[in-house]
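Subject: Structure handover

Hello,

Please find the structure below.

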Amino acid sequence: MTGLSKLDLAVIFTYLAGITAFGLYVSRRVKDTEGYFMGNRRFGKALMIAQALTTGTRADYAIGVAGASYEIGMAGIWYQWMYIFSTPFFWLLSPIFRRLRYTTTADFFEERFSRSLGFAYSLFALYLFTLWQGTIIKGAALTIAGITGLSETWIIWGVTALFVLFGVAGGLIATVNTDFIQGIFIVILSFLLIPFGLEAVGGFAGLHAKLQPEMFSLVALKELTPFKVLMLVITGLVGIVAQPHHMAVAGSGKSEMNCRVGWCYGNFIKRLCTIGWALAGLIAAAMFTQGSIAKRELVFGAMIKQLLPSGLVGLMIAAILATVIASCAAFMISGSALFTRNIYKKYLKPAADDAHYLLTGRIVSAALTVGSLLMALYLKSVIDATVHFVTIVAFVGIPMWVAIVWMRANSKGAWASLIASTAVFWWFGVANNIKDGRELLYPMLAGFVTMIAVSWMTRPESADRLQRFYALLHTPVGEEANLERVGLKATLD
Amino acid sequence: MRDQEPQTEVQPIPNFQMPLSQLEEDGHSLLIVDLLRLPQWFSYKRYRLDVIGFLVAWLWVVLLLALGWWVARIGS
(Lines give C-alpha, C1' and ligand atoms only; values in the text may rest on other atoms or scores of the structure.)
Protein backbone atom coordinates (compact mmCIF):
# COMPACT_ATOMS: atom_id res chain seq x y z
CA MET A 1 0.00 0.00 0.00
CA THR A 2 2.79 2.44 0.93
CA GLY A 3 5.37 1.21 -1.54
CA LEU A 4 7.69 0.72 1.42
CA SER A 5 9.30 -2.52 2.58
CA LYS A 6 8.93 -3.84 6.13
CA LEU A 7 12.51 -2.78 6.78
CA ASP A 8 11.76 0.79 5.66
CA LEU A 9 8.71 0.93 7.89
CA ALA A 10 10.68 -0.44 10.84
CA VAL A 11 13.38 2.24 10.41
CA ILE A 12 10.77 5.01 10.26
CA PHE A 13 8.73 3.84 13.24
CA THR A 14 11.82 3.20 15.38
CA TYR A 15 13.01 6.71 14.67
CA LEU A 16 9.66 8.35 15.33
CA ALA A 17 9.04 6.42 18.54
CA GLY A 18 12.52 7.18 19.82
CA ILE A 19 12.40 10.88 19.07
CA THR A 20 8.91 11.34 20.55
CA ALA A 21 9.76 9.41 23.71
CA PHE A 22 12.87 11.53 24.16
CA GLY A 23 10.88 14.75 23.68
CA LEU A 24 8.38 13.66 26.31
CA TYR A 25 11.16 12.61 28.69
CA VAL A 26 13.01 15.92 28.60
CA SER A 27 9.73 17.86 28.82
CA ARG A 28 9.73 16.97 32.54
CA ARG A 29 12.52 19.53 32.92
CA VAL A 30 10.44 22.35 31.46
CA LYS A 31 8.96 24.24 34.40
CA ASP A 32 8.52 27.81 33.18
CA THR A 33 8.26 30.02 30.10
CA GLU A 34 11.97 30.90 30.07
CA GLY A 35 12.80 27.21 29.81
CA TYR A 36 10.10 26.59 27.21
CA PHE A 37 10.99 29.52 24.97
CA MET A 38 14.74 30.10 25.52
CA GLY A 39 15.99 26.83 27.02
CA ASN A 40 17.07 28.83 30.09
CA ARG A 41 19.96 30.22 27.96
CA ARG A 42 22.20 27.32 28.98
CA PHE A 43 23.13 25.65 25.68
CA GLY A 44 26.77 24.75 25.00
CA LYS A 45 28.64 25.11 21.70
CA ALA A 46 27.69 21.71 20.30
CA LEU A 47 23.99 22.13 21.05
CA MET A 48 24.06 25.67 19.67
CA ILE A 49 25.65 24.41 16.43
CA ALA A 50 23.06 21.64 16.22
CA GLN A 51 20.22 24.09 16.92
CA ALA A 52 21.43 26.52 14.24
CA LEU A 53 21.93 23.69 11.76
CA THR A 54 18.58 22.05 12.31
CA THR A 55 16.40 25.16 12.51
CA GLY A 56 18.14 26.50 9.42
CA THR A 57 18.19 23.24 7.46
CA ARG A 58 14.99 21.82 6.18
CA ALA A 59 13.88 19.18 3.76
CA ASP A 60 12.15 21.79 1.62
CA TYR A 61 15.52 23.54 1.12
CA ALA A 62 17.02 20.30 -0.19
CA ILE A 63 13.97 19.74 -2.36
CA GLY A 64 14.02 23.32 -3.69
CA VAL A 65 17.76 23.44 -4.43
CA ALA A 66 17.82 19.97 -5.99
CA GLY A 67 14.80 20.88 -8.12
CA ALA A 68 16.36 24.17 -9.27
CA SER A 69 19.70 22.49 -10.04
CA TYR A 70 17.86 19.80 -12.00
CA GLU A 71 16.48 22.55 -14.24
CA ILE A 72 19.14 25.32 -14.37
CA GLY A 73 22.28 23.47 -13.23
CA MET A 74 24.71 24.02 -10.36
CA ALA A 75 23.62 27.67 -10.12
CA GLY A 76 20.44 26.44 -8.38
CA ILE A 77 22.66 26.31 -5.29
CA TRP A 78 22.16 30.08 -4.90
CA TYR A 79 18.61 29.62 -3.66
CA GLN A 80 20.30 28.66 -0.39
CA TRP A 81 23.82 30.03 -0.85
CA MET A 82 22.26 33.48 -0.93
CA TYR A 83 23.12 33.39 2.77
CA ILE A 84 26.75 32.27 2.40
CA PHE A 85 28.07 35.85 2.48
CA SER A 86 25.84 36.68 5.43
CA THR A 87 27.22 33.86 7.54
CA PRO A 88 30.39 35.68 8.75
CA PHE A 89 28.07 38.41 10.05
CA PHE A 90 26.43 35.83 12.33
CA TRP A 91 29.69 35.92 14.29
CA LEU A 92 29.21 39.64 14.87
CA LEU A 93 25.45 39.58 15.42
CA SER A 94 24.98 36.74 17.91
CA PRO A 95 26.49 38.59 20.93
CA ILE A 96 24.16 41.48 20.11
CA PHE A 97 21.15 39.19 20.46
CA ARG A 98 22.51 37.71 23.66
CA ARG A 99 23.33 41.04 25.30
CA LEU A 100 19.89 42.44 24.55
CA ARG A 101 18.48 39.63 26.72
CA TYR A 102 15.18 39.65 24.83
CA THR A 103 13.07 36.56 24.35
CA THR A 104 11.54 37.55 21.02
CA THR A 105 12.39 39.93 18.19
CA ALA A 106 9.19 41.82 18.99
CA ASP A 107 10.84 42.77 22.30
CA PHE A 108 13.52 44.47 20.19
CA PHE A 109 10.99 46.66 18.39
CA GLU A 110 9.08 47.43 21.56
CA GLU A 111 12.13 48.33 23.64
CA ARG A 112 14.06 50.25 20.98
CA PHE A 113 11.11 51.93 19.24
CA SER A 114 7.53 51.65 20.54
CA ARG A 115 4.79 49.29 21.69
CA SER A 116 2.96 49.72 18.40
CA LEU A 117 6.00 48.50 16.43
CA GLY A 118 6.40 45.56 18.79
CA PHE A 119 2.78 44.63 18.26
CA ALA A 120 3.07 45.02 14.48
CA TYR A 121 6.19 42.87 14.41
CA SER A 122 4.41 40.16 16.43
CA LEU A 123 1.64 39.94 13.85
CA PHE A 124 4.16 39.97 10.99
CA ALA A 125 6.19 37.21 12.62
CA LEU A 126 3.16 35.03 13.23
CA TYR A 127 2.45 35.24 9.50
CA LEU A 128 6.08 34.34 8.74
CA PHE A 129 6.03 31.34 11.07
CA THR A 130 2.83 30.12 9.52
CA LEU A 131 4.20 30.57 6.01
CA TRP A 132 7.47 28.89 6.89
CA GLN A 133 5.96 25.90 8.62
CA GLY A 134 3.53 25.50 5.74
CA THR A 135 6.44 25.48 3.28
CA ILE A 136 8.34 22.90 5.30
CA ILE A 137 5.38 20.57 5.60
CA LYS A 138 4.54 21.02 1.93
CA GLY A 139 8.09 20.17 0.81
CA ALA A 140 8.30 17.07 2.98
CA ALA A 141 4.84 15.87 2.04
CA LEU A 142 5.59 16.27 -1.68
CA THR A 143 8.67 14.10 -1.37
CA ILE A 144 7.18 11.44 0.87
CA ALA A 145 4.05 11.23 -1.28
CA GLY A 146 6.29 10.83 -4.34
CA ILE A 147 8.11 7.93 -2.70
CA THR A 148 5.21 6.11 -1.06
CA GLY A 149 2.24 6.93 -3.24
CA LEU A 150 0.27 7.88 -0.11
CA SER A 151 -2.08 10.85 -0.12
CA GLU A 152 -0.19 14.14 0.27
CA THR A 153 -3.00 15.44 2.47
CA TRP A 154 -2.75 12.53 4.89
CA ILE A 155 1.03 12.94 5.09
CA ILE A 156 0.61 16.63 5.89
CA TRP A 157 -1.76 15.77 8.75
CA GLY A 158 0.49 13.02 10.08
CA VAL A 159 3.69 15.07 10.04
CA THR A 160 1.91 17.99 11.69
CA ALA A 161 0.53 15.84 14.50
CA LEU A 162 3.99 14.49 15.17
CA PHE A 163 5.82 17.76 15.63
CA VAL A 164 2.95 19.30 17.61
CA LEU A 165 3.17 16.41 20.07
CA PHE A 166 6.93 16.79 20.19
CA GLY A 167 7.16 20.57 20.38
CA VAL A 168 4.19 21.28 22.65
CA ALA A 169 5.33 18.68 25.12
CA GLY A 170 8.98 19.62 25.35
CA GLY A 171 9.48 23.21 24.20
CA LEU A 172 12.89 24.44 23.13
CA ILE A 173 14.78 22.18 25.54
CA ALA A 174 13.29 19.09 23.93
CA THR A 175 13.91 20.41 20.44
CA VAL A 176 17.52 21.35 21.03
CA ASN A 177 18.37 18.20 22.93
CA THR A 178 17.26 16.06 20.02
CA ASP A 179 19.02 18.31 17.52
CA PHE A 180 22.16 16.21 17.83
CA ILE A 181 20.27 13.26 16.38
CA GLN A 182 18.41 15.40 13.86
CA GLY A 183 21.69 16.99 12.75
CA ILE A 184 23.10 13.60 11.85
CA PHE A 185 19.96 12.81 9.88
CA ILE A 186 20.24 16.09 7.98
CA VAL A 187 23.79 15.31 6.86
CA ILE A 188 22.57 11.86 5.82
CA LEU A 189 19.76 13.50 3.88
CA SER A 190 22.23 15.67 2.02
CA PHE A 191 24.73 13.04 0.98
CA LEU A 192 22.91 9.70 0.94
CA LEU A 193 21.68 9.97 -2.64
CA ILE A 194 24.99 11.02 -4.18
CA PRO A 195 26.96 7.76 -4.28
CA PHE A 196 23.96 5.81 -5.59
CA GLY A 197 23.20 8.54 -8.12
CA LEU A 198 26.78 8.75 -9.36
CA GLU A 199 26.85 4.99 -9.83
CA ALA A 200 23.65 5.19 -11.88
CA VAL A 201 24.98 7.89 -14.24
CA GLY A 202 28.51 6.51 -14.63
CA GLY A 203 30.34 8.61 -12.05
CA PHE A 204 31.40 12.22 -12.39
CA ALA A 205 32.74 11.53 -15.91
CA GLY A 206 29.34 10.14 -16.93
CA LEU A 207 27.62 13.16 -15.39
CA HIS A 208 29.70 15.52 -17.52
CA ALA A 209 29.14 13.40 -20.61
CA LYS A 210 25.34 13.49 -20.19
CA LEU A 211 24.92 17.21 -19.39
CA GLN A 212 25.75 20.44 -21.20
CA PRO A 213 28.85 22.25 -19.78
CA GLU A 214 26.78 25.28 -18.70
CA MET A 215 24.89 23.05 -16.24
CA PHE A 216 28.10 22.96 -14.14
CA SER A 217 28.49 26.72 -13.94
CA LEU A 218 27.78 28.55 -10.70
CA VAL A 219 26.48 31.43 -12.84
CA ALA A 220 23.14 30.87 -14.55
CA LEU A 221 21.98 32.69 -17.66
CA LYS A 222 18.30 32.40 -16.75
CA GLU A 223 16.25 32.58 -13.54
CA LEU A 224 19.23 33.16 -11.21
CA THR A 225 21.29 35.73 -13.10
CA PRO A 226 24.35 37.29 -11.38
CA PHE A 227 22.36 40.48 -10.63
CA LYS A 228 19.49 38.49 -9.11
CA VAL A 229 21.96 36.47 -7.01
CA LEU A 230 23.63 39.69 -5.83
CA MET A 231 20.25 41.10 -4.83
CA LEU A 232 19.32 37.88 -3.01
CA VAL A 233 22.64 38.01 -1.15
CA ILE A 234 22.07 41.62 -0.02
CA THR A 235 18.41 40.97 0.80
CA GLY A 236 19.40 37.90 2.79
CA LEU A 237 21.93 39.87 4.83
CA VAL A 238 19.51 42.72 5.55
CA GLY A 239 16.71 40.36 6.55
CA ILE A 240 18.75 37.93 8.60
CA VAL A 241 18.44 39.99 11.80
CA ALA A 242 14.66 40.11 11.55
CA GLN A 243 13.97 36.42 11.12
CA PRO A 244 11.75 35.75 14.11
CA HIS A 245 13.36 32.54 15.36
CA HIS A 246 16.89 34.01 15.40
CA MET A 247 16.49 35.61 18.81
CA ALA A 248 16.32 32.08 20.25
CA VAL A 249 18.78 30.49 17.81
CA ALA A 250 21.44 33.15 18.34
CA GLY A 251 20.80 34.15 21.92
CA SER A 252 20.13 31.00 23.92
CA GLY A 253 23.78 29.95 24.43
CA LYS A 254 25.53 29.71 27.78
CA SER A 255 28.06 32.36 26.74
CA GLU A 256 28.66 34.84 23.92
CA MET A 257 31.28 32.53 22.44
CA ASN A 258 28.77 29.65 22.41
CA CYS A 259 26.27 31.87 20.61
CA ARG A 260 28.88 33.00 18.06
CA VAL A 261 30.24 29.51 17.32
CA GLY A 262 26.79 27.92 17.29
CA TRP A 263 25.05 30.29 14.93
CA CYS A 264 28.00 30.84 12.59
CA TYR A 265 29.34 27.30 12.26
CA GLY A 266 25.95 25.57 12.40
CA ASN A 267 25.15 27.55 9.29
CA PHE A 268 28.49 26.78 7.65
CA ILE A 269 27.64 23.08 7.95
CA LYS A 270 24.36 23.88 6.24
CA ARG A 271 26.23 25.62 3.39
CA LEU A 272 28.27 22.44 3.01
CA CYS A 273 25.08 20.35 2.84
CA THR A 274 23.81 22.69 0.13
CA ILE A 275 26.59 21.50 -2.21
CA GLY A 276 25.21 17.98 -1.77
CA TRP A 277 21.66 19.11 -2.66
CA ALA A 278 22.84 20.90 -5.81
CA LEU A 279 24.91 17.89 -6.86
CA ALA A 280 21.85 15.67 -6.35
CA GLY A 281 19.95 18.00 -8.70
CA LEU A 282 22.66 17.65 -11.35
CA ILE A 283 22.52 13.87 -11.04
CA ALA A 284 18.74 14.06 -11.43
CA ALA A 285 19.22 16.10 -14.61
CA ALA A 286 21.39 13.29 -15.99
CA MET A 287 18.89 10.61 -14.91
CA PHE A 288 15.59 12.17 -15.96
CA THR A 289 15.09 14.13 -19.17
CA GLN A 290 13.72 17.67 -18.72
CA GLY A 291 9.94 17.59 -18.71
CA SER A 292 9.65 13.93 -17.74
CA ILE A 293 8.79 14.93 -14.18
CA ALA A 294 5.64 16.99 -13.65
CA LYS A 295 7.20 19.52 -11.24
CA ARG A 296 10.92 20.05 -10.67
CA GLU A 297 10.45 19.86 -6.89
CA LEU A 298 9.42 16.21 -7.30
CA VAL A 299 12.88 15.11 -8.51
CA PHE A 300 14.19 14.56 -5.01
CA GLY A 301 11.44 12.04 -4.23
CA ALA A 302 11.85 10.45 -7.65
CA MET A 303 15.58 9.93 -7.03
CA ILE A 304 14.95 8.38 -3.62
CA LYS A 305 12.43 5.97 -5.07
CA GLN A 306 14.61 4.97 -8.00
CA LEU A 307 18.07 4.88 -6.41
CA LEU A 308 17.92 3.78 -2.80
CA PRO A 309 17.69 0.15 -1.64
CA SER A 310 15.21 -1.11 0.94
CA GLY A 311 15.98 0.23 4.40
CA LEU A 312 17.73 3.32 3.11
CA VAL A 313 14.45 4.60 1.68
CA GLY A 314 13.08 4.40 5.23
CA LEU A 315 16.17 6.14 6.55
CA MET A 316 15.72 8.95 4.03
CA ILE A 317 12.07 9.41 4.99
CA ALA A 318 13.11 9.45 8.65
CA ALA A 319 15.74 12.09 7.77
CA ILE A 320 13.13 14.25 6.06
CA LEU A 321 10.80 13.88 9.02
CA ALA A 322 13.71 14.83 11.30
CA THR A 323 14.23 18.13 9.56
CA VAL A 324 10.50 18.86 9.57
CA ILE A 325 10.15 18.12 13.27
CA ALA A 326 13.25 20.06 14.28
CA SER A 327 12.44 23.16 12.25
CA CYS A 328 8.70 23.24 12.79
CA ALA A 329 8.96 22.60 16.51
CA ALA A 330 11.45 25.47 16.87
CA PHE A 331 9.28 27.84 14.79
CA MET A 332 6.14 26.79 16.60
CA ILE A 333 7.74 27.54 19.96
CA SER A 334 9.14 30.87 18.80
CA GLY A 335 5.72 31.82 17.41
CA SER A 336 3.94 30.95 20.61
CA ALA A 337 6.56 32.93 22.57
CA LEU A 338 5.80 35.95 20.42
CA PHE A 339 2.06 35.68 20.91
CA THR A 340 2.19 34.84 24.61
CA ARG A 341 4.69 37.50 25.65
CA ASN A 342 4.09 40.29 23.16
CA ILE A 343 0.33 40.13 22.60
CA TYR A 344 -1.44 37.98 25.22
CA LYS A 345 0.55 39.06 28.28
CA LYS A 346 0.71 42.72 27.30
CA TYR A 347 -2.75 43.34 25.92
CA LEU A 348 -5.06 40.52 27.02
CA LYS A 349 -4.06 39.11 30.44
CA PRO A 350 -1.18 41.00 32.06
CA ALA A 351 -1.36 39.64 35.62
CA ALA A 352 -1.54 35.85 35.32
CA ASP A 353 1.04 33.47 36.82
CA ASP A 354 3.79 31.81 34.79
CA ALA A 355 1.97 28.44 34.68
CA HIS A 356 -0.92 30.16 32.92
CA TYR A 357 1.40 31.66 30.31
CA LEU A 358 3.12 28.31 29.83
CA LEU A 359 -0.25 26.68 29.15
CA THR A 360 -1.18 29.55 26.83
CA GLY A 361 2.10 29.08 24.96
CA ARG A 362 1.32 25.42 24.43
CA ILE A 363 -2.21 26.08 23.21
CA VAL A 364 -0.99 28.80 20.85
CA SER A 365 1.69 26.44 19.53
CA ALA A 366 -1.01 24.02 18.49
CA ALA A 367 -3.20 26.77 17.02
CA LEU A 368 -0.35 28.20 14.96
CA THR A 369 0.28 24.78 13.57
CA VAL A 370 -3.28 24.45 12.35
CA GLY A 371 -2.68 27.70 10.41
CA SER A 372 0.51 26.34 8.88
CA LEU A 373 -1.26 23.12 8.02
CA LEU A 374 -3.82 25.10 6.02
CA MET A 375 -0.94 27.04 4.41
CA ALA A 376 0.70 23.73 3.39
CA LEU A 377 -2.48 22.64 1.68
CA TYR A 378 -2.68 25.83 -0.42
CA LEU A 379 0.99 26.65 -1.26
CA LYS A 380 1.99 26.23 -4.92
CA SER A 381 5.81 26.04 -4.87
CA VAL A 382 8.49 25.69 -2.23
CA ILE A 383 10.94 28.03 -4.02
CA ASP A 384 8.36 30.77 -4.58
CA ALA A 385 7.46 30.69 -0.88
CA THR A 386 11.16 30.88 0.07
CA VAL A 387 11.87 33.92 -2.14
CA HIS A 388 8.69 35.62 -0.89
CA PHE A 389 9.86 35.09 2.69
CA VAL A 390 13.39 36.39 2.05
CA THR A 391 12.00 39.50 0.37
CA ILE A 392 9.48 40.61 2.97
CA VAL A 393 11.66 39.86 5.98
CA ALA A 394 14.28 42.29 4.63
CA PHE A 395 11.82 45.16 4.98
CA VAL A 396 11.73 44.51 8.71
CA GLY A 397 15.48 44.04 8.86
CA ILE A 398 16.15 47.61 7.69
CA PRO A 399 14.90 49.34 10.89
CA MET A 400 16.74 46.77 13.02
CA TRP A 401 20.12 47.32 11.36
CA VAL A 402 19.76 51.10 11.46
CA ALA A 403 18.57 51.03 15.08
CA ILE A 404 21.59 49.05 16.25
CA VAL A 405 24.09 51.22 14.40
CA TRP A 406 22.52 54.68 14.67
CA MET A 407 21.25 56.18 17.92
CA ARG A 408 19.24 58.77 16.02
CA ALA A 409 16.91 56.13 14.48
CA ASN A 410 13.37 56.41 15.83
CA SER A 411 9.95 54.78 15.57
CA LYS A 412 8.62 57.30 13.05
CA GLY A 413 11.54 56.47 10.77
CA ALA A 414 10.90 52.75 11.28
CA TRP A 415 7.20 53.05 10.39
CA ALA A 416 8.03 55.19 7.35
CA SER A 417 10.65 52.68 6.23
CA LEU A 418 8.28 49.72 6.54
CA ILE A 419 5.54 51.51 4.62
CA ALA A 420 7.90 52.78 1.89
CA SER A 421 9.63 49.45 1.27
CA THR A 422 6.32 47.56 1.23
CA ALA A 423 4.75 50.07 -1.16
CA VAL A 424 7.74 50.03 -3.54
CA PHE A 425 7.80 46.23 -3.48
CA TRP A 426 4.09 46.11 -4.24
CA TRP A 427 4.61 48.41 -7.24
CA PHE A 428 7.55 46.53 -8.76
CA GLY A 429 7.11 42.97 -7.50
CA VAL A 430 3.34 42.61 -7.50
CA ALA A 431 1.71 45.24 -9.76
CA ASN A 432 4.41 45.03 -12.47
CA ASN A 433 5.50 41.46 -11.73
CA ILE A 434 9.24 42.23 -12.07
CA LYS A 435 11.37 39.21 -11.05
CA ASP A 436 14.88 40.12 -12.25
CA GLY A 437 16.20 41.47 -8.93
CA ARG A 438 15.02 45.07 -9.22
CA GLU A 439 11.97 44.10 -7.15
CA LEU A 440 14.47 43.43 -4.33
CA LEU A 441 16.79 46.41 -4.87
CA TYR A 442 14.29 49.27 -5.05
CA PRO A 443 12.29 48.45 -1.89
CA MET A 444 15.53 48.15 0.11
CA LEU A 445 16.82 51.49 -1.15
CA ALA A 446 13.45 53.10 -0.38
CA GLY A 447 13.45 51.55 3.10
CA PHE A 448 16.95 52.71 4.05
CA VAL A 449 16.56 56.23 2.63
CA THR A 450 13.18 56.74 4.30
CA MET A 451 14.37 55.36 7.63
CA ILE A 452 17.34 57.74 7.75
CA ALA A 453 15.53 60.79 6.36
CA VAL A 454 12.45 60.57 8.61
CA SER A 455 14.51 59.77 11.72
CA TRP A 456 16.75 62.73 10.94
CA MET A 457 13.82 65.11 10.59
CA THR A 458 11.91 64.00 13.69
CA ARG A 459 12.59 63.83 17.41
CA PRO A 460 14.88 61.04 18.71
CA GLU A 461 13.59 58.43 21.16
CA SER A 462 13.66 59.37 24.84
CA ALA A 463 16.89 59.27 26.83
CA ASP A 464 15.55 56.44 29.04
CA ARG A 465 14.74 54.26 26.06
CA LEU A 466 18.06 54.88 24.32
CA GLN A 467 20.10 54.48 27.48
CA ARG A 468 18.51 51.15 28.29
CA PHE A 469 18.96 49.75 24.77
CA TYR A 470 22.58 50.81 24.24
CA ALA A 471 23.57 50.07 27.83
CA LEU A 472 22.46 46.46 27.28
CA LEU A 473 24.49 46.30 24.07
CA HIS A 474 27.57 47.41 25.99
CA THR A 475 27.01 45.01 28.90
CA PRO A 476 27.92 41.35 28.38
CA VAL A 477 25.77 38.87 30.32
CA GLY A 478 27.33 38.45 33.75
CA GLU A 479 28.24 42.14 34.14
CA GLU A 480 24.79 43.24 35.30
CA ALA A 481 26.32 45.16 38.19
CA ASN A 482 27.47 47.72 35.61
CA LEU A 483 23.86 48.25 34.60
CA GLU A 484 22.76 48.76 38.19
CA ARG A 485 25.44 51.43 38.61
CA VAL A 486 23.67 53.56 36.02
CA GLY A 487 20.23 52.75 37.46
CA LEU A 488 19.14 50.01 35.04
CA LYS A 489 17.82 46.46 35.42
CA ALA A 490 18.94 43.61 33.16
CA THR A 491 15.51 42.00 32.74
CA LEU A 492 12.37 43.31 31.08
CA ASP A 493 9.39 44.18 33.26
CA MET B 1 31.13 55.62 33.47
CA ARG B 2 31.42 57.38 30.13
CA ASP B 3 28.98 60.10 29.05
CA GLN B 4 27.34 59.93 25.67
CA GLU B 5 28.58 63.00 23.79
CA PRO B 6 25.87 65.44 22.65
CA GLN B 7 25.27 65.31 18.89
CA THR B 8 24.98 68.21 16.50
CA GLU B 9 21.87 67.19 14.48
CA VAL B 10 18.71 69.27 14.29
CA GLN B 11 17.14 67.26 17.15
CA PRO B 12 20.02 66.36 19.51
CA ILE B 13 20.24 62.92 21.07
CA PRO B 14 19.54 63.18 24.80
CA ASN B 15 22.55 62.92 27.09
CA PHE B 16 22.80 59.77 29.23
CA GLN B 17 25.30 57.63 31.05
CA MET B 18 26.60 54.36 29.59
CA PRO B 19 28.05 51.52 31.66
CA LEU B 20 31.73 50.77 31.25
CA SER B 21 32.57 47.09 30.76
CA GLN B 22 36.01 45.68 31.43
CA LEU B 23 35.26 42.78 29.10
CA GLU B 24 34.54 45.25 26.31
CA GLU B 25 37.89 46.94 26.90
CA ASP B 26 39.56 43.49 26.75
CA GLY B 27 38.41 42.52 23.27
CA HIS B 28 34.66 41.90 23.58
CA SER B 29 33.48 45.22 22.10
CA LEU B 30 31.11 44.83 19.17
CA LEU B 31 32.00 46.21 15.73
CA ILE B 32 28.42 46.57 14.49
CA VAL B 33 27.21 48.39 17.61
CA ASP B 34 30.12 50.85 17.43
CA LEU B 35 30.19 51.05 13.62
CA LEU B 36 29.71 54.82 13.35
CA ARG B 37 32.31 55.50 16.04
CA LEU B 38 34.95 53.11 14.74
CA PRO B 39 37.14 55.81 13.13
CA GLN B 40 37.75 57.26 16.60
CA TRP B 41 37.41 54.13 18.76
CA PHE B 42 38.86 51.23 16.82
CA SER B 43 41.74 49.28 18.27
CA TYR B 44 42.55 45.62 17.72
CA LYS B 45 42.68 45.05 21.48
CA ARG B 46 39.13 46.31 21.99
CA TYR B 47 37.53 44.39 19.08
CA ARG B 48 39.82 41.34 19.09
CA LEU B 49 37.11 38.66 19.20
CA ASP B 50 34.98 40.25 16.50
CA VAL B 51 37.95 40.84 14.18
CA ILE B 52 39.48 37.37 14.46
CA GLY B 53 36.18 35.49 14.25
CA PHE B 54 34.92 37.57 11.33
CA LEU B 55 38.11 37.03 9.30
CA VAL B 56 38.18 33.30 10.02
CA ALA B 57 34.52 33.05 8.98
CA TRP B 58 35.35 34.71 5.64
CA LEU B 59 38.07 32.09 5.16
CA TRP B 60 35.37 29.43 5.51
CA VAL B 61 33.27 31.24 2.91
CA VAL B 62 36.20 31.16 0.45
CA LEU B 63 36.82 27.48 1.19
CA LEU B 64 33.16 26.58 0.62
CA LEU B 65 33.01 28.53 -2.64
CA ALA B 66 36.17 26.76 -3.80
CA LEU B 67 34.68 23.41 -2.79
CA GLY B 68 31.47 24.09 -4.74
CA TRP B 69 33.48 25.14 -7.79
CA TRP B 70 35.71 22.05 -7.51
CA VAL B 71 32.81 19.60 -7.07
CA ALA B 72 31.23 20.94 -10.26
CA ARG B 73 34.45 20.21 -12.15
CA ILE B 74 35.31 16.71 -10.95
CA GLY B 75 35.37 14.42 -13.95
CA SER B 76 35.25 17.16 -16.59
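Predicted model: local features only at pLDDT ≥ 70, side-chain atom pairs only at ≥ 80, totals over all residues.

Residues are numbered from 1 along each chain as its sequence is written, with chains lettered from A and ligands numbered from 1 in the order in which they are written.

The chains

Chain A has 23 helices and 0 strands. Helices (H or I, at least four residues) and strands (E, at least two) are DSSP runs, numbered from the N terminus. Of the 493 residues in chain A, 60% are buried. The burial terms count other C-beta atoms within 10 Å of a residue's own: buried is 20 or more, exposed is 12 or fewer, partly exposed is in between, and C-beta atoms are placed from the backbone.

Chain B has 3 helices and 2 strands. Their order from the N terminus is β-β-α-α-α. Buried residues are 16% of its 76.

Where the chains meet

How many residues of chain B are in contact with chain A? The count is 38, and they touch 49 residues of chain A. On the chain B side, β2 (17–18), α1 (22–28) and α3 (48–71) each supply at least two residues. The largest share, 12 residues, comes from α3(B). By class, that side of chain B has 25 nonpolar, 9 polar and 4 charged residues. Here Ala, Val, Leu, Ile, Met, Phe, Trp, Tyr, Cys and Pro count as nonpolar, Asp, Glu, Lys and Arg as charged, and the others, Gly among them, as polar.

A helix pair

Helix α4 (residues 59–72) and helix α19 (residues 382–405) of chain A pack at about 110 degrees, with axes 9 Å apart. Axes are lines fitted to C-alpha atoms, for helices over the stretch in contact, and angles run from 0 to 180 degrees between N-to-C directions. α4(A) and α19(A) are therefore roughly perpendicular; that label covers 65 to 115 degrees, while under 35 is roughly parallel, over 145 roughly antiparallel and the rest oblique. From α4(A), D60(A), I63(A), G64(A) and A68(A) meet V382(A), I383(A) and T386(A) of α19(A). That contact has 4 nonpolar, 2 polar and 1 charged residues.

Helix α6 (residues 87–100) of chain A has 14 residues; its end C-alpha atoms are 20 Å apart, which agrees with the 20 Å it should span at 1.5 Å a residue. The expected span is 1.5 Å times one less than the number of residues. α6(A) bends by about 35 degrees at L93(A), and a proline, P95(A), follows within four residues. A bend is the angle between axes fitted to the seven residues ending at a residue and the seven starting there. Of its 14 residues, 13 are buried, so α6(A) is largely enclosed by the rest of the structure.

R101(A) sits in the loop between α6 and α7 (105–112) of chain A. It is partly exposed because it has 18 C-beta neighbours inside 10 Å. Most residues other than glycine have a negative phi.

Helix α20(A) and what follows

α20(A) has 21 residues and reaches 28 Å from first C-alpha to last, close to the 30 Å expected. α20(A) bends by about 25 degrees at F425(A). Its buried residues include A414(A), L418(A), V424(A) and F428(A). The buried residues of α20(A) pack against α8 (115–148), α19 and α21 of chain A.

K412(A) lies in this helix, α20 (residues 411–431). K412(A) is partly exposed, with 17 other C-beta atoms within 10 Å. Beyond its neighbours within four places in sequence, K412(A) contacts V454(A), S455(A) and T458(A).

After α20(A) comes N433(A), with a positive phi near 50 degrees. N433(A) is in the loop between α20 and α21 (438–457) of chain A. N433(A) is exposed, with 8 other C-beta atoms within 10 Å.

Best regards

Note on methods: Contact = placed C-beta atoms within 7 Å.
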